[in-house]
Amino acid sequence: MGLTPVGSMPYQESKEEFLTTKLSHLIDLTRKIGVNWSRKNSLWPMPFATACCGIELMATGASRYDIARFGAEVMRFTPRQCDLMICAGRVAIKTMPVLQRIYMQMAEPKWVISMGACASTGGVFDTYAVVQGVDQFLPVDVYVPGCPPRPETLLEGVMAIQRIVENEGLIHSKERERGMGLVVQPTVQVKVEKGAGK
Amino acid sequence: MSAKITPIIELLQKQFSDIDFAPAPLLEMKDKSAEQWCVHVQPSKLFAVMSFLRSDERCSFEQLSDLAGVDYLNFPKAKDRYGIVYSLLSLSKEHRLWVKVFVNDPNPEVPSVVSIWYGATWMEREVWDMFGVRFSDHPDLRRILTWESFEAHPLRKDYPLTGRGEREDFKVITRDSA
């Protein structure tokens, strides 16, 4: 996996440039394999843990499940040093600017895991104050289902990120897929009885 | 209503003879000494009554342990729309008292008690945020739980649970803009 170069390189079949072109191909291939291999095995997560999913995230980091087996144990609490944001828990709309600022402060390349039902869809909190899925306002790469997800599920999500990194690691995140941007409008209207309570 | 009222309420009725306090226990109990009492006050008289309850040495309610808002829309037998409930506690005299105020639309407004109990600041801000009841003479009446551009008062009963589209009205960050 990952041995075919993504995109088409300008390739000249003339004998003079044969060696150099092959060489640049080789360098590119090595860099892609090497860099992607390094990146996918040393993801540094930014734990944006706002709720009970954060406890499960801590359990994933602890010794029983041990996210260090995947090289992602270095939780950094500053976005400048991270390349993987794990958004764990429901996000209130008042918190959304914070989350967006943290995402924008992360250096390229960066990936986002939306962990749990609340971060992905709003979950049971279908209220005025809760964001109905962070993918409405942020580009999300992997959705981890569960309420909260078991540590195995989160590890599966990290492995999914690793596959993404392996396949398209050198692509700038602008060129990757975008979030779905689904918007749900409220449909409920409250009935007011006549003459009650003025 | 039980016949016996507490000494505090007797004191209040003597001091403010023009107010109908309509005292009632929160819960009827067999042990009358364990009953907790509630009095009703008009918004215009609230500040005077509260000052008296705080400063009079027989009352000396040093602590405002809670301040809450209630929306009585569609509530059975309710005459007024909003209620503000003050829960007072005297640590030195070891007694409690509940004070209720009712206000109505439009422009529901009660006097602020921040100058009596400073701890009321955030509680009054919360009631303003959630119910839209203004507190006159409040030093800093901003929203406390919802965000600044929010316009509604979400704990009112006629506000839909899922909001009126406020939660979607926000800047989107794409991969291009980040």
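Visitor: Why does Gly54(A) count as buried?

Guide: Gly54(A) has a relative accessibility of 2%, and buried means under 20% relative accessible area, with exposed being over 50% and partly exposed in between, for a 1.4 Å probe and protein chains only. The value of 2% falls under that limit, and therefore Gly54(A) counts as buried. This is a predicted model, in which local features need pLDDT of at least 70 and side-chain atom pairs count only at pLDDT 80 or more, while totals for chains, interfaces and linings use all residues. Residues are numbered from 1 along each chain as its sequence is written, chains are lettered from A and ligands numbered from 1 in the order in which they are written, and side-chain values use heavy atoms, with hydrogens and water left out.

Visitor: Where does Gly54(A) lie, and which residues does Gly54(A) touch, not counting those up to four places away in sequence?

Guide: Gly54(A) belongs to helix H2 (residues 52-61) of chain A, where helices (H or I, at least four residues) and strands (E, at least two) are DSSP runs numbered from the N terminus. With that sequence exclusion, its contacts (heavy atoms within 4.5 Å) are Ala49(A) and Ala88(A). Ala88(A) is 34 residues away from Gly54(A) in sequence, yet their C-alpha atoms are 5.5 Å apart in space.

Visitor: Why is Pro7(B) called exposed?

Guide: Its relative accessible area is 60%, and the limit for exposed has been passed, so Pro7(B) is called exposed. Pro7(B) sits in helix H1 (residues 7-15) of chain B, and its C-alpha atom is separated by 9.3 Å from that of Cys59(B), 52 residues apart along the chain.

Visitor: What makes H3(B) mostly covered?

Guide: Of its 12 residues, 10 are buried, among them Met123(B), Val127(B), Trp128(B) and Phe131(B).

Visitor: Which residues have the most contacts inside the largest nonpolar core?

Guide: A nonpolar core is a set of buried Ala, Val, Leu, Ile, Met, Phe, Trp, Tyr and Cys residues joined through side-chain atoms within 4.5 Å. The largest has 65 residues, and those with the most contacts inside it are Met50(B), Leu53(B), Leu67(B), Tyr86(B), Leu97(B), Val99(B) and Val113(B). A second, separate core of 21 residues includes Leu43(A), Ile67(A), Val144(A) and Leu154(A).

Visitor: How are the elements of chain A and chain B arranged along the sequence?

Guide: Chain A, with five helices and four strands, follows the pattern α-β-α-β-α-β-α-β-α. Chain B, with three helices and seven strands, runs α-β-β-α-β-β-β-β-α-β from the N terminus on.

Visitor: What part of each chain is buried, in chain A and in chain B?

Guide: In chain A, buried residues make up 41% of the 198 residues, and in chain B they make up 51% of the 178 residues.
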